[in-house]
Amino acid sequence: MVAAALSAETTRAALFLAATAGNVLGALVNYALGRFAIRFEGRRWFPVSPRARQKAETLFARYGQPVLLFSWLPIVGDPLTLAAGLLRTPLAAFLAYVTIGKAARYAALLWMMP
């Protein structure tokens, strides 16, 4: 995204929207895994380890749905979105928190660039 923004071949607004939408859609995959495919957790291809899942569930239980604002963070973001599905977070709340968190990250990144 940084390279694309610096090349000026597309607008920063378009980059912001594409990056945010793509990241939110990726988070929806994890949400669906938590909601519907958790029975496959022991499989090699499952994207989150049991240890990471437990950490995410602990954070989620302690801080509630607003913890999804941090779903953009490496390492903990994917387990958080998986835990949200597992814990049956309402989809509207999930989308609101995840979109705000991921949009804020890209807005800050684009704002800091020359």
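Predicted model: local features only at pLDDT ≥ 70, side-chain atom pairs only at ≥ 80, totals over all residues.
View 1. Read from the N terminus, the order of elements is α-α-α-α-α, where a helix is a DSSP run of H or I with at least four residues and a strand is a run of E with at least two, numbered from the N terminus. The C-alpha trace spans about 45 × 30 × 20 Å along its principal axes. Residues are numbered from 1 along each chain as its sequence is written. Local features need pLDDT of at least 70 and side-chain atom pairs count only at pLDDT 80 or more, while totals for chains, interfaces and linings use all residues, and side-chain values use heavy atoms, without hydrogens and water.

View 2. Of the contacts (heavy atoms within 4.5 Å) with a separation of 6 or more, 72% join residues 24 or more positions apart. Among the 114 residues, 34% are buried, meaning under 20% relative accessible area with a 1.4 Å probe, counting protein chains only.

**View 3. Helix α4, residues 77–86, is mostly covered.** Eight of the 10 residues of α4 are buried, namely G77, P79, L80, T81, L82, A83, A84 and G85. The cover over these buried residues includes α2 (12–36), α3 (50–63) and α5 (91–112).

**View 4. The residue R88 comes after helix α4.** In the stretch following α4, R88 has a positive phi, near 60°.

Key: Buried < 20%, exposed > 50% of the residue type's maximum accessible area, 1.4 Å probe, protein only.
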